[in-house]
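Here's a quick briefing to read alongside the structure. Keep the 3D view open and follow the topics one at a time.

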Amino acid sequence: MIIILKKGVPKNQIMDFVKDVEKLGVGVQLNEGTQTVLGLLGDTSKINPRDFLVNDIVEGAERVSAPYKMASRSFHPEDSIITVGANQQGVTPCTIGDGTAVALIAGPCSVESEEQIMSAAMAVKKAGARILRGGAFKPRTSPYSFQGLGKEGIDLLIKAKKETGLPICSEIMDLGKLDLFADVDLIQVGARNFQNFDLLKELGKAKKPILLKRGLSGTINEFLMSAEYIMANGNEEVILCERGIRTFDTYTRNCLDLSAVPFLHKETHLPVIVDPSHACGIRWMVPHLAKAAVAIGADGLEVEVHCNPEKALSDGSQQLTPALFEELTRTLSRIAAVDERTL
């Protein structure tokens, strides 16, 4: 349920009203923007929205039909703007979702060595990336494939952050490793874990942004309900990532659902980015999908870049070389400029 307040109501009156609403046994989320909206959390089945209309400061009240409440734009009409890497000396923060810039997250699929992650970090920064990605823990289909360097990989990412000033993004796979991510600026939840509800609940207690990827066969409703798990547990800094879903065809690794981008922007206030690398799994196709994603309004991109993809220990076929990535960013700048945005 949401309660829409009239414009110009003094802050003290709003807070008094919030206290009265909380006495009904529900939580209240206060969203201040062009107009103040109160989101009621909990069991509202016995509350009649019309009862609030007798109060002079209330303009309207209505039930929210979507099962995802906190992620819904009805609850939070204004776009959420999330800053990654804030308040760290020597780190340049990256803002995602402000409508003026396309955030580039780039780096290798997995951290393989100090030389590899350092060279990749320098290359993607030079080309315009604002966040460095790299997998320390890798969920692989085969148990015999490279599983990542683990804690050593995290340590190398932190070292690369200190060298480049780029915030870092890496994927978490289980609760037991959460302490290792204390210095990771953007924690990624991969497609295979997007419905790991115990993990999502714990990330709801984290004090940093979460990059949530859509599952391989996840519907939009399931995707947003996963975001709701994080938000309902206290963390509203969620970035949604469309990375392709499985269909009947197999000519690409997945099928990039670009229609999800404008739909999610309409349904939710959360930033929406696109991962073209996992969407197709084919190097030459990645730039085409990246350009389409920016054209359709994505708030950012997550692109895999490796200095020597032919020798990569994971997903070499979909990783761009630094030269290809730099060429791509020049093209993306021109596309973003059409909507008066920058990289």
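**Around Arg140**

Leaving out residues up to four places away in sequence, Arg140 touches Ser145, Phe146, Gln147, Leu313 and Ser314. Keep in mind that this is a predicted model.

- You'll find Arg140 in the loop between strand E8 (131-133) and helix H3 (151-164).
- Is Arg140 buried, exposed or partly exposed? With a relative accessibility of 23%, Arg140 counts as partly exposed, because buried would need a value under 20%.
- Now look at Arg140 and Ser314: 174 residues separate them in sequence, and their C-alpha atoms are 8.9 Å apart in space.

**His306, another loop residue**

- His306 sits in the loop between strand E14 (300-304) and helix H9 (322-338).
- With a relative accessible area of 5%, His306 is buried.
- What does the side chain of His306 make a polar contact with? One partner is the side chain of Glu112, at 3.2 Å.
- The His306 side chain also reaches the backbone nitrogen of Asn308, at 2.8 Å.
- Not counting residues up to four places away in sequence, the residues that His306 touches are Pro108, Glu112, Gln116, Ala312, Gln319, Leu320, Thr321 and Pro322.

**Parallel strands, step by step**

A bit of background first: strands of a sheet pair through backbone hydrogen bonds, either parallel or antiparallel.

- Start with strand E10 (residues 186-189), which pairs with E11 in the parallel sense over 3 bridges.
- On this pairing, Val189 has Leu212 as its bridge partner in E11.
- To get from E10 to E11, the chain goes through helix H4 (residues 197-203), and this β-α-β crossover is right-handed.
- Next, strand E11 (residues 210-213) pairs with E12, again in the parallel sense, over 4 bridges.
- Here Lys213 stands opposite Cys241 in E12.
- E11, H5 and E12 together make a right-handed β-α-β unit.
- Then E12 pairs with strand E13 (residues 272-274) in the parallel sense over 3 bridges.
- Cys241 turns up again, with Ile273 as its bridge partner in E13.

**Which way do the side chains point?**

In a regular strand the side chains alternate between the two faces of the sheet.

- How many of the 5 residues of strand E12 (residues 238-242) are buried? The count is 5 of the 5, so E12 is largely enclosed by the rest of the structure.
- Val238, Leu240 and Glu242 point one way from E12, while Ile239 and Cys241 point the other way.
- E11 is covered on both faces: Ile210 and Leu212 are buried on one side, and Leu211 and Lys213 are buried on the other.

**The nonpolar cores**

- The largest nonpolar core has 72 residues, and those with the most contacts inside it are Leu132, Leu212, Leu240, Leu301 and Phe325.
- Which helix gives the most to this core? That's helix H5 (residues 220-232), with 6 residues.
- A second, separate core has 16 residues, including Val18, Leu38, Leu40 and Ile47.
- Leu240 is worth a click: leaving aside neighbours within four places in sequence, its contacts include Leu212, Phe223, Leu224, Ala227, Leu264 and Ile273.

**An antiparallel sheet**

- In what order do the 4 strands of this open sheet come? The order is E2-E3-E1-E4, with antiparallel pairing.
- Strand E2 (27-31) and strand E4 (58-62) are the edge strands, and each pairs on one side only.
- From one strand to the next, the twist averages 20°.
- Strand E1 (residues 2-5) pairs with E4 in the antiparallel sense over 4 bridges.
- Within that pairing, Ile2 stands opposite Glu62 in E4.
- Helix H1 (residues 11-22) packs on the sheet and touches E1, E2, strand E3 (37-41) and E4. The direction of H1 makes about 155° with that of E2.

Terms used:
Residues are numbered from 1 along each chain as its sequence is written. This is a predicted model: local features need pLDDT of at least 70, side-chain atom pairs count only at pLDDT 80 or more; totals for chains, interfaces and linings use all residues. Side-chain values use heavy atoms; hydrogens and water are left out. A nonpolar core is a set of buried Ala, Val, Leu, Ile, Met, Phe, Trp, Tyr and Cys residues joined through side-chain atoms within 4.5 Å. Buried means under 20% relative accessible area, exposed over 50%, partly exposed in between (1.4 Å probe, protein chains only). Helices (H or I, at least four residues) and strands (E, at least two) are DSSP runs, numbered from the N terminus. Contact means heavy atoms within 4.5 Å. A polar contact is a pair of N or O atoms within 3.5 Å; within protein, one must be able to donate a hydrogen and the other to accept it, and residues adjacent in sequence count only if both atoms are side-chain atoms. Two strands pair if DSSP finds at least two bridges between them. Axes are lines fitted to C-alpha atoms, for helices over the stretch in contact, and angles run from 0 to 180 degrees between N-to-C directions. A crossover is right-handed if, with the strands pointing away from the viewer, the path from the first strand over the helix to the second runs clockwise.
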